[in-house]
Amino acid sequence: MSDAWKHLDLEGEGLQSANLRLVQLMKRRSKSYGLLALFPFGLHRAYLEDVRGAWVYRIASIAALMTWWFGPGWAALVIVVLIAGFAVYDIRWIDDRVATLNKALRMQVYKSRSSAAAPKGFRGRYTDDDLDDYLKVKEQERGGHVLPGKDPALNSRSRAPSFAEQEAMLKALVKSKQNNKSQ
């Protein structure tokens with residue numbers, strides 16, 4: 001299956017484009033754990049935007065190498081054990097950090113979306129003072145629907161009308177609308 005859909009540019013700032021942007025920005029646990037295997041380089045910390053922690057790993061690794069090269073081997077071993085201990089701690093830290101970063105990214109992406117302007121003629125929400133106007137507007141939006149309890153053909157049935165009966169009702173509805181328009 002082609003992955004071309006992943007690179008679609010939907011243009012605009014709708015929910016779909018925000019979701020696509022979010023998927024591209026989100027941090028992945030699997031990648032973080034993969035980078036943890038290279039913990040002496042601090043790549044997992046750098047990926048999870050902890051620059052200071054990444055440099056601590058790097059400096060500690062360089063210190064361990066320098067101590068191993070120039071100093072006593074036991075001191076280098078102590079530094080390596082400390083680095084490995086922090087790497088074990090980072091197994092749990094990665095999960096929390098990914099969740100925190102992804103939550104912040106989600107909030108940033110959804111808040112940065114430019115909201116569309118209100119529809120033409122939008123007057124805000126209806127209040128009790130505008131209830132009569134609201135009911136008139138809603139009555140015009142019915143689109144030919146019959147009020148509950150007003151259609152005897154539907155109220156006398158205990159089952160849904162069949163396809164043929166629905167077709168007949170639609171034809172009758174169209175005829176009644178045409179008659180109303182011609183009058």
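Reader: Where is E49 found, and is E49 buried or exposed or something in between?

Author: In this predicted model, E49 is found in the loop between α3, residues 43–47, and α4, residues 51–70. With a relative accessible area of 47%, E49 is partly exposed, because that class lies between the cut-offs of 20% for buried and 50% for exposed.

Reader: How many helices and how many strands does the chain have?

Author: The chain has eight helices and zero strands, and from the N terminus on its elements run α-α-α-α-α-α-α-α. Of its 183 residues, 18% count as buried, and among the contacts between residues at least 6 apart in sequence, 52% join residues at least 24 apart.

Reader: At what angle do α2 and α5 pack, and how do I read that value?

Author: An angle over 145 degrees counts as roughly antiparallel. The helices α2 and α5 pack at an angle of about 155°, with their axes 10 Å apart, and they are therefore roughly antiparallel to each other. Their crossing is right-handed. On the side of α2 the contact is made by R29, S32, Y33 and L36, while α5 contributes A87, D90, I91, I94, D95, V98 and A99. Sorted by class, the residues of this contact are seven nonpolar, one polar and three charged.

Reader: Which residues of α1 and α5 make the contact between those two helices, and at what angle do the axes cross?

Author: The axes of α1, residues 15–25, and α5, residues 73–112, come within 10 Å and cross at roughly 150°, which makes α1 roughly antiparallel to α5. The crossing of α1 and α5 is right-handed. From α1 the contact takes L15, A18, N19, R21, L22 and L25, and from α5 it takes L105, R106, V109, Y110 and S112. By class, this contact of α1 with α5 has seven nonpolar, two polar and two charged residues.

Reader: Which residues form the largest nonpolar core, and which element gives the most to it?

Author: A core of this kind is read as a set of buried nonpolar residues joined through side-chain atoms within 4.5 Å. The largest one has 11 residues, namely L35, L36, Y47, L48, Y57, I83, A87, W93, I94, V98 and L101. The elements that give two or more residues to this core are α2, residues 29–36, and α5, and α5 gives the most, with six residues. One member of the core, V98, touches K27, R29, S32 and L48 when residues up to four places away in sequence are not counted.

Reader: Where is L36 placed, and which residues is L36 in contact with?

Author: L36 has its place in helix α2, and it is buried, with a relative accessible area of 10%. Leaving aside neighbours within four places in sequence, L36 is in contact with H44, A87, D90, I91 and I94. For L36 and I94, which are 58 residues apart along the chain, the C-alpha atoms are separated by 9.1 Å.

Reader: Is A37 buried or exposed, and where is its place?

Author: A37 has its place in the loop between α2 and α3, and at 59% relative accessibility it counts as exposed. The C-alpha atoms of A37 and A87, which are 50 residues apart along the chain, are separated by 8.9 Å.

Reader: Are the charged residues D90 and R45 buried or exposed, and which residues are they in contact with?

Author: A residue is called buried when its relative accessible area is under 20%. D90, found in helix α5, is buried, with a relative accessible area of 0%. R45, found in helix α3, is buried, with a value of 11%. Leaving aside neighbours within four places in sequence, D90 is in contact with L36, H44, R45 and Y57.

Terms used:
Residues numbered from 1 in each chain as written. Predicted model: local features only at pLDDT ≥ 70, side-chain atom pairs only at ≥ 80, totals over all residues. Heavy atoms only, no water. Axes fitted to C-alpha atoms, helices over the stretch in contact; angles between N-to-C directions. Helix = DSSP H or I, 4+ residues; strand = E, 2+ residues; numbered from the N terminus. Parallel < 35°, antiparallel > 145°, perpendicular 65-115°, else oblique. Left-handed = near helix turned anticlockwise from the far one by under 90°. Contact = heavy atoms within 4.5 Å. Nonpolar A, V, L, I, M, F, W, Y, C, P; charged D, E, K, R; others polar. Buried < 20%, exposed > 50% of the residue type's maximum accessible area, 1.4 Å probe, protein only.
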